Number of protein chains: 4
Amino acid sequence: MINLSCDYCEGCHEKILQRMVETNMIQAPGYSLDDYCASATDLIRKECRDENVAVHYLVGGTQTNLVMIAAALRPHQGVIGATTCHLNVHETGAIEGTGHKVITVSSPNEDGKIAAAQVEELIELHRSDEGFVHCVQPKMVYVSQPTELGTLYTKAELESLSETCRRLGLYLYVDGARLGYGLACEQNDVTIADLAHLADAFYIGGTKIGAMFGEALVIVNPALKEDFRYIIKQRGALLAKGRLLGIQFETLFQDGLYVKIAKEAVDLAQKLQAVIEELGFSFQVKSPTNQIFPIFPDALLEKLSEKYIYNYQYRVDDTHSCIRLCTSWGTRPEFVDEFCEDLRRLAARG
Amino acid sequence: MINLSCDYCEGCHEKILQRMVETNMIQAPGYSLDDYCASATDLIRKECRDENVAVHYLVGGTQTNLVMIAAALRPHQGVIGATTCHLNVHETGAIEGTGHKVITVSSPNEDGKIAAAQVEELIELHRSDEGFVHCVQPKMVYVSQPTELGTLYTKAELESLSETCRRLGLYLYVDGARLGYGLACEQNDVTIADLAHLADAFYIGGTKIGAMFGEALVIVNPALKEDFRYIIKQRGALLAKGRLLGIQFETLFQDGLYVKIAKEAVDLAQKLQAVIEELGFSFQVKSPTNQIFPIFPDALLEKLSEKYIYNYQYRVDDTHSCIRLCTSWGTRPEFVDEFCEDLRRLAARG
Amino acid sequence: MINLSCDYCEGCHEKILQRMVETNMIQAPGYSLDDYCASATDLIRKECRDENVAVHYLVGGTQTNLVMIAAALRPHQGVIGATTCHLNVHETGAIEGTGHKVITVSSPNEDGKIAAAQVEELIELHRSDEGFVHCVQPKMVYVSQPTELGTLYTKAELESLSETCRRLGLYLYVDGARLGYGLACEQNDVTIADLAHLADAFYIGGTKIGAMFGEALVIVNPALKEDFRYIIKQRGALLAKGRLLGIQFETLFQDGLYVKIAKEAVDLAQKLQAVIEELGFSFQVKSPTNQIFPIFPDALLEKLSEKYIYNYQYRVDDTHSCIRLCTSWGTRPEFVDEFCEDLRRLAARG
Amino acid sequence: MINLSCDYCEGCHEKILQRMVETNMIQAPGYSLDDYCASATDLIRKECRDENVAVHYLVGGTQTNLVMIAAALRPHQGVIGATTCHLNVHETGAIEGTGHKVITVSSPNEDGKIAAAQVEELIELHRSDEGFVHCVQPKMVYVSQPTELGTLYTKAELESLSETCRRLGLYLYVDGARLGYGLACEQNDVTIADLAHLADAFYIGGTKIGAMFGEALVIVNPALKEDFRYIIKQRGALLAKGRLLGIQFETLFQDGLYVKIAKEAVDLAQKLQAVIEELGFSFQVKSPTNQIFPIFPDALLEKLSEKYIYNYQYRVDDTHSCIRLCTSWGTRPEFVDEFCEDLRRLAARG
């Protein structure tokens, strides 16, 4: 079976594995107080063009989100996100588990993105209500770049969100679980330095882009930095051998490896998307990154599933469904080619 | 100013006050272990036609909801409610504060009610997803009777919800903050005994219907009874002088006082609604209970607000808004008459 | 049976009941936004000699503690208290329920009090540890005045705690569930104004001193005031008819009623303690307030329990136990006389 | 510098690294649904001599503890542990962060162990109190094998704890962060199969014994198995590439590698302990495992710290301190030899 269902089917990039082998028996202090983490942080600060950002290394995305939000919000505060956002649908209530409401807004273009105007309206509504203390106080905006639907915020959109949040006293937090796949897109005009300028905090995803595991959380706003390591520990998220995280991010941010390997995945996904479109199929949304969302006849899907593993999204109508296909830094190009060939053949018969 | 904004503007029914005076200096054990509570529980069990229900007395509605839900759910479980439900909009995230997600569904008829089919669909969707452990597990259905929009579930609708919940392993919990105003309606066909038969737990609201404060939580499902008083205490909800709650519910459930005083309020609200309709105004929804939701021109509202306090609901269009008017067991009939007269006069000028 | 087990066996002081009757049908806005609360706050601010303190009205003591602590602490922070303190032993883990550890220190004199030096030592230990992020960060000191053992902090002791807390960046929070019984003692040299000067927050207990229910939480430190009403609501602690709390505290703080009725209770308890001592019995601790802790032979206790309800504390040895006897604003003097007579008689037989 | 401060200074055992290299580019499903985890589980079930235990793979110890406890306890319940236990002192309040109190008892022999009689006494005290609902309900007993002081429970002690817990309706949970170092001791008479027989749940530590990271949580009691993966996910503890955990535990439990490498570490620690004792130094406690706790003069420690990293424990008197020295699967024997030589030399001068 060929697995195109997600971007965490393989282990890690060979350069990372090699560094792990090289450094394996060197003694290092625990809990990310080692030199590898320090060096990774230097590299990430350089990308941010900001020497003052705090960088923390965590193991996974849900963990990073819940630690960040638990650290930032007071009990009565909530976080605004798109209805489709990871926080809201795929974290088993991890955020509510820390006591906070996820306040959802519908993506105006059904592409997983939210607009500054929506945030503004929501805050105005909250503040105009005399009974506002009876409602959760919105305090943070959560966006994913790229979104869960593979789409990208433009720099102008993020600037608008950032300006709105600062004016209204909200934090802007960007989930970059797949950030590399965004950075690697041709259409993308948002750099890591832009995020460090516009967001209060964001994370650079490693798990889905070349690392065995690991996310680098960058905290820009000094108000969010205080006592952060306590919170990491309290949530069971302080890795004993933090060196492993340092080694991985040090490797990913040397010589542009992070974006380089992401680009290969994006190119493969775009190739897939182009072929599918060419064959006349439609999409939930057109995505410029490594996840694509084609709509196929169920009969075709049945055939495909004999050989390919994909992610079922939702039923479109009685005879069609939407699926997600994912490429990753580790996807072999011949898998994509094979899929395209099979699809052409099946579609021709169809 | 005449206050028609809510049903908790006055103190309590005179019979309750009188009983408080009579019993004031009698010594009683604390924490609802007194004879007044025991007697109130007897009366409520009679209404339930079930000697085995557990009855607990709490101070307020949000408190009752959060204690019940914290006691019933495991950390990864959530509660299904209408988007407009009290849990979701007016409890400052109290449920999320206990760690649980409120899973919202839109009321199909925009009347604050949800349907058994919606619950079924949601559960099917959850269970069919192979990645279901990444999503909150729905475990309880929360409905209000009457709803936050003053509407009522029919017995058939509750039977359907109950049957669905039992079949799917969900709890059905009914918020009866205004239960008396429902029981007092002509259209109503749901008794307290029906609730004790159909729900796993429900509460009988006192605060809004004659009591100074207090809600009587009835737990029917044995699985939800265990150690309940610990949870009450842990949430700071175990009233030291629990006798006060016992005295109030004992009084309300003697000689049908609860429904009798609710009926007076409903009659006044229905009179108001009839006059407003007769004058040609429309409503967000037609309500058979003590809360009504007329839509008025803003200019008219400005005039009304010189003399009346009402509850602003939402902007309908550039020149109209929806408000809520509430009557209660304590509303003086002449206030309603005066409002009707003023409205006729203002509408005539229009 | 005569109940001397606690100070919440009766309803409320007659003046409060009378005010409730007088104001019962007057309409007032909900949630403590009424004139009664405003007036009570004026009176309390006068006692504090500080116009800037925030005053919030809550229903009970555990509730007040958990709301205050949930509002003040970040997730990784804990509250320091005596091993015997209410937070630690009698709140069913309410503080842990909000996510915070109660860090206990043993009372050096076994009288329920803790010393500034203990706080200092604990903080030094925490900060000197390189691995401090692996430990809960102490951030608040909790003391009760009077303590759970009826003893009192002197002004000098509180000044020392206050100075230590401010120097070390901790909050000092004083639980005054029985504050009136402390204020009414001859030995006492701590006023409400002193508390407003020395503590970051404290509460004035009503439930145990003349009120039906209710505690007035005074927040002095501006950092703790922000958004406080949201937190009250979120914890289910915002009483709908907040007027009831305003009426009670307004009455208690008019013409010195609060301390006057507390003094009567303290005098009765001291009379009891003197007689018990005179008869040769010993005490867990000598208390100057309304709770006393005599040690009696079990045989004697068995006799006493035929007529009196007391609070069992702990087994002292094979044939003796310690109990608590409590008087309150509502204790009838003849009950105390009767107890003294019975005890003399039983002891004579002994 | 030679690091003897802890047992997580190195990467992982070479066989694990080799397996990671071999399997790196093989596609596998995420979230521990892969074949490596299945195979590891088979091996662990064999060790348990129980085909029905559930095995879950987590990343770290604090995480494992908080997930297990959050899954097992209802809100009002607490976990009993020794005052010195990891839960109580070194998890930054992670357990309280899930809402539960850690109820501490002092180790009777100051060796980090607690006795069945203590549990029994605590439960009797709780249940005899009429006001028990005002206190946290003890529901779980937490012990570490080996303890945080390197000592071991005997099989008889664990049987007694197990029998007591079952009779009283408590769960027995064993933290095996260093289990291998216990299994490898000559004195040890407790096998993994014994734990599977006596405990309701326990975990087999990987992080400190040969793995890069990872703990294998074994759940024996069916009541604790339900919906466990939801809780893992909700706490941010479900590793995307769960294969990494499977590969590590599969390797550790093939051909007895786990105990074999632990034995090397224990032998080194025991050699260290023997030399230190021979030189006339005393210990906080004599430990049979890989952690030892010598007491040294401060002047000597100053010298040692020029070359060795150790863990400072506490001040013994004005001129002596207790430290912890740790060996691990990865400690080079020559490090220990060097330490012994240096110590002999320094002690001779001393």
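## Helices across the sheet

In this predicted model, helix α7 (residues 155-168) of chain B lies across β5 (137-144) and β6 of chain B, running at about 145 degrees to β6(B). Helices (H or I, at least four residues) and strands (E, at least two) are DSSP runs, numbered from the N terminus. Axes are lines fitted to C-alpha atoms, for helices over the stretch in contact (heavy atoms within 4.5 Å), and angles run from 0 to 180 degrees between N-to-C directions.

Helix α11 (residues 243-252) of chain B lies across β2, β7 and β8 (215-219) of chain B, at about 115 degrees to β2(B).

## The sheet itself

Seven strands of chain B make an open, mixed sheet, ordered β2-β8-β7-β6-β5-β3-β4. β2 (54-58) and β4 (102-105) of chain B sit at the edges with a single partner strand each, so one side of each has no neighbour in the sheet. Two strands count as paired if DSSP finds at least two bridges between them.

Take β6 (residues 171-176) and β7 (residues 201-205) of chain B: they run parallel, joined by four bridges. Here Tyr173(B) faces Ala201(B).

## A closer look at β2

β2(B) runs antiparallel to β8(B), with five bridges between them; His56(B) has Leu217(B) as its bridge partner. Ala54(B), His56(B) and Leu58(B) point one way, Val55(B) and Tyr57(B) the other.

## Reading the numbers

Residues are numbered from 1 along each chain as its sequence is written, and chains are lettered from A in the order in which they are written. Local features need pLDDT of at least 70.

Definitions and conventions
This is a predicted model: local features need pLDDT of at least 70, side-chain atom pairs count only at pLDDT 80 or more; totals for chains, interfaces and linings use all residues. Side-chain values use heavy atoms; hydrogens and water are left out. Buried means under 20% relative accessible area, exposed over 50%, partly exposed in between (1.4 Å probe, protein chains only).
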